[in-house]
Amino acid sequence: MLSTPCPAKSAGLFFILFNKGPDITRTDDVFSTMGAFGIPIIPIFLHIMIDDILSLVSRHEEWCGRNCLNLIPSENVMSPAVRILLSSELGHRYTSRYNFYRGTRFLDEIERHGEELAKEVFGAEVADLRPLSGHIADLTFLACFAKPGDVLMCISEEDGGYPGLGEAGLAGLLGLKLVPFPFEKEKMNIKVEKAEETIKHVKPKIVIFGASLILFPHPVKQLANVAVENGAHVGFDGSHVLGLIAGKQFQDPLREGAHALFGSTHKSLFGPQGGIILADKAHGEVVKEKIFPRFVDNAHWNRIAALTLALAEMKRFGRDYAEQVVRNSKALAKALYDHGLPVKCHEIGFTNSHQVILDFGSPERGMEVADKLERADIIVDSVVRIGTCEVTRRGMKTSEMSKIAELIKRVVEGENPETIKCEVHKLCSEFREISNTAFNFGKLIINKLII
Ligand SMILES: Cc1ncc(COP(=O)(O)O)c(C=O)c1O
């Protein structure tokens, strides 16, 4: 646990520096005097910097961790037990394959448990928990199955696709030609018939479903077959929706024809920040063969242990959690719409995911709204994209979604954010304790963790 800087020690330091008088002529003297007082010998500039770092982290924790309404759909909160495992001894250790590093006798078993749980939760034949992030999981899939000059078909950034796949990102890095899915902006989805024609025409080597802005399931069932018949490897970037897929509340890409499902482990899936790949046997084996040493060397075993526990929570509580997330998104979207805000896709039920999109018509206006909301301690991104995962994890239900919609509306309409902030803090104060909510093992597990 981090503490705020100790005022007594800082005061002692300054007393020594400024009151010892002419006896102190060299920095060494200052430090030896401090040593005599039992104060750790730290150069003054470093002392000040350390105080500053600790204070910044504490202030962030107090602000973001306790008082803000965090509504960024890319974020979530770990359970206290998962958070403890993330800072466990495993985080000091190194291992890669082939037993080069000794002292790893427990790590392989942790990995085995993690992979078993992941396979079960997602119904996959192969699971790999080693990718260090969603981006690395994307990279691994692409590089395993495509070579420079091949065509990658995915949702374009303009339509809400993951920018990291684009020309400036992985397609550029790997020399892939990007062909965007034909897309219907009003429905925030792929145009199936047009996509089928394009697939037949360009014969992509890789087709990736999934996106950063994702409100509804993508037509994997309708398009995977034609993609495979035309020579594609089919992936689903589930970075945003893995928690909903695990909770059986979205779509099931691996049963709809995707060869692999991959992405971040910390958005709607409430694990530590990192990545995961789930796949059928043929694709999984290729990934397993190539991931080390091409895409991951040391695999951050504290993260894998923490992710394994999060997957156990998902197995036990995932369905209830995902149901509540979607229920909350729909309720929030409807309440925002009823307040006259420009909620995307209102004609088709707003959303079926953890996201609600407010379309203010221009990036500048979106940025302006996000800024105003931040002044009221309501945190969204500048799209404006609102996510319900974290507030759901904290125990909020549909009645709190109505309150959040009202607060957002009042900020957008120009009420002083400082006034709203007090109400935000009051709401947050009632929903702080993750361990008391229904979606994790809570104190039961924490009591077992002797770390
Ligand atoms: C669809 C999608 N894929 C991949 C990523 C990258 O994930 P990470 O931040 O874990 O690298 C993102 C990031 O937000 C994303 O939205």
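Two notes on conventions. This is a predicted model, in which local features need pLDDT of at least 70 and side-chain atom pairs count only at pLDDT 80 or more, while totals for chains, interfaces and linings use all residues. Residues are numbered from 1 along each chain as its sequence is written.

The sheet, then. It is open, has seven strands in the order S2-S10-S9-S8-S7-S3-S4, and its pairing is mixed. Strands here are DSSP runs of E with at least two residues, helices are runs of H or I with at least four, and both are numbered from the N terminus. Two strands pair if DSSP finds at least two bridges between them. What stands at the edges? Strand S2, residues 126-128, and strand S4, residues 177-180, do; each has a single partner strand, so one side of each has no neighbour in the sheet. On average, neighbouring strands are turned by 20° against each other, direction ignored; axes are lines fitted to C-alpha atoms, for helices over the stretch in contact, and angles run from 0 to 180 degrees between N-to-C directions.

Alanine 127 is opposite leucine 278 in S10.

Buried means 20 or more other C-beta atoms within 10 Å of the residue's own, with C-beta atoms placed from the backbone; exposed means 12 or fewer, and partly exposed is in between.

Next, helix H9, residues 220-229. H9 lies across strand S7 (206-209) and strand S8 (233-237), at about 150° to S8. Val220, Leu223, Ala224 and Ala227 of H9 are buried. Seen down the helix axis, the buried residues fall within an arc of 115°, so they line one face of H9; the arc is taken over the directions from the axis to the C-beta atoms. They pack against helix H8 (192-202), S7, S8 and helix H11 (253-256), where contact means C-beta atoms, placed from the backbone, within 7 Å.

The ligand has 16 residues around it, of which Ser133, Gly134, His135, Ser212 and Ser264 come nearest. The criterion is a C-beta atom, placed from the backbone, within 6 Å. H6 contributes the most to this shell, with three residues.

Last, the backbone. Most residues other than glycine have a negative phi, and most peptide bonds are trans. Phenylalanine 292 and proline 293 are joined by a cis peptide bond, omega about 5°; proline 293 is in helix H12, residues 281-294. The bond from valine 383 to valine 384 is also cis, with omega near 0°. Cysteine 345, not a glycine, has a positive phi of about 65° and is buried, with 21 other C-beta atoms within 10 Å. Phenylalanine 350 has a positive phi of about 70° and is buried, with 23 other C-beta atoms within 10 Å.

Key. Contact = placed C-beta atoms within 7 Å.
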